[in-house]
Amino acid sequence: MSPRAENTVTPRAEGTVSVRAASTVIQRGGGALVVLAVLAVFPLAVSNATVTTIAVDTLIFAAAAVAWNIFSGYSGYISLGHAVFFGAGAYTVGIAARAWHLNGDPVFALLPLAGGVAAALSVPLGLIALRVRRHTFVVITIAFFFIAQLTATNLSWTGGSSGILAPSPNWAAATFNDPFYYIALALLVATTAASWLIRRSRFGLQLRAIRDDEDRAAGLGVRPMPVKLAAFVISAIVTGMAGGLWFYFIGQAIPQFAFDPLFDLSVVVMAFFGGLGTLSGPLLGALIIEPAQQWLTLQYTNEYLSEILLGALFLAVILGLPRGVIPTAAERIAALRARRRRAPAREAVPQAEQAGQPGRAGQAAP
């Protein structure tokens with residue numbers, strides 16, 4: 001091909017790629033706006049208190065799952081101790097509201113404080129736990145969880161085993177869940193936006209490099225400890241805010257529920273089910289798993305049924321869909337499209353051979 005031909009083809013190809021990329025961004029952005037619009041009008045369209053209660057719980061756990069994925073999904077370090085930050089946020093809001101005699105909307109202003117306390121805890125915990133590699137890190141986070149739970153049980157200012165009560169807002173019964181719903185939705189949107197920005201940034205690229213090969217990433221100039229610690233702190237901030245909102249919504253925090261091992265299992269299953277390390281995977285997992293858990297709890301008197309099914313689902317996902325629903329579906333769709341593209345080419349080859357056979361026979365005839 002001549003240089004002139006190359007100069008003619010290349011810009012056209014680049015323009016095609018740019019148009020396709022822009023089209024993909026527009027489609028995804030449009031889909032996100034549609035989902036956001038549906039979530040925004042949901043409390044206005046649904047007045048059933050049970051349904052809106054499940055919706056609030058779902059949004060809170062979705063925000064926590066997305067936050068967990070910012071650290072564990074992008075870095076590859078699986079944390080089973082994020083309930084420490086969740087419970088710390090819950091107790092922070094409870095203790096502060098009690099000390100300052102807050103009630104109603106002003107209690108929501110304590111959520112940043114809950115995130116700040118969780119961040120303050122995450123720094124020393126991260127400096128200790130992140131010195132080791134992945135498998136040992138999991139064990140250390142579990143140890144931190146049990147230490148936090150036992151500490152909350154044995155301190156007088158946390159209420160001991162009786163816990164602490166949340167203030168009761170004087171809102172109308174018909175719209176009681178709406179303030180919690182919209183605060184939870186705002187937290188989820190902000191967390192998802194932060195996850196998107198991190199994933200597209202140099203910081204996110206460094207996290208994924210650590211996930212793929214930490215030693216090689218260090219050899220290429222990445223400083224693993226500060227990068228991992230920063231992601232750990234960001235994840236803890238959101239988890240603490242989610243815990244504070246959960247406490248105010250539930251109305252009480254006691255150690256076995258504020259520091260609950262099922263919280264860690266739930267967010268892990270949500271992230272793995274949707275797609276670990278993806279942007280929308282934890283969100284999809286939360287929107288499916290949390291309502292299903294709540295529905296099972298309401299339908300069956302056996303309080304352990306949902307936990308048993310959650311563990312069984314985790315095993316099924318790990319064994320059958322280790323990469324999650326979204327990555328697996330994307331791969332299968334791409335493979336199906338590739339087969340469809342190859343099919344016309346395969347059909348054209350025999351036709352070309354048949355069309356060329358008479359010509360070859362005629363050339364061979366004397």
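1. The model is predicted, so local features need pLDDT of at least 70 and side-chain atom pairs count only at pLDDT 80 or more, while totals for chains, interfaces and linings use all residues. Residues are numbered from 1 along each chain as its sequence is written, and side-chain values use heavy atoms, with hydrogens and water left out.

2. The structure holds 5 salt bridges (a side-chain nitrogen of Lys or Arg within 4 Å of a carboxyl oxygen of Asp or Glu). One of them joins aspartate 215 to arginine 133, with the closest N and O atoms 2.8 Å apart. This pair links distant parts of the chain, 82 residues apart: aspartate 215 is in helix 8 (residues 214–219), and arginine 133 is in the loop between helix 4 (111–129) and helix 5 (134–154). Helices are DSSP runs (H or I, at least four residues), numbered from the N terminus. Aspartate 215 is exposed at 53%, whereas arginine 133 is partly exposed at 42%.

3. Glutamate 214 and lysine 228 also meet in a salt bridge (3.0 Å, N to O). Glutamate 214 lies in helix 8 and lysine 228 in helix 9 (residues 224–250), so the bridge ties together parts 14 residues apart in sequence. Both residues are buried. Arg133, Glu214, Asp215 and Lys228 are linked in a salt-bridge network.

4. A further salt bridge connects glutamate 331 with arginine 323, the closest N and O atoms being 1.8 Å apart. Glutamate 331 is partly exposed at 40% relative accessible area, and arginine 323 is partly exposed at 48%.

Technical notes
Helices (H or I, at least four residues) and strands (E, at least two) are DSSP runs, numbered from the N terminus. Buried means under 20% relative accessible area, exposed over 50%, partly exposed in between (1.4 Å probe, protein chains only).
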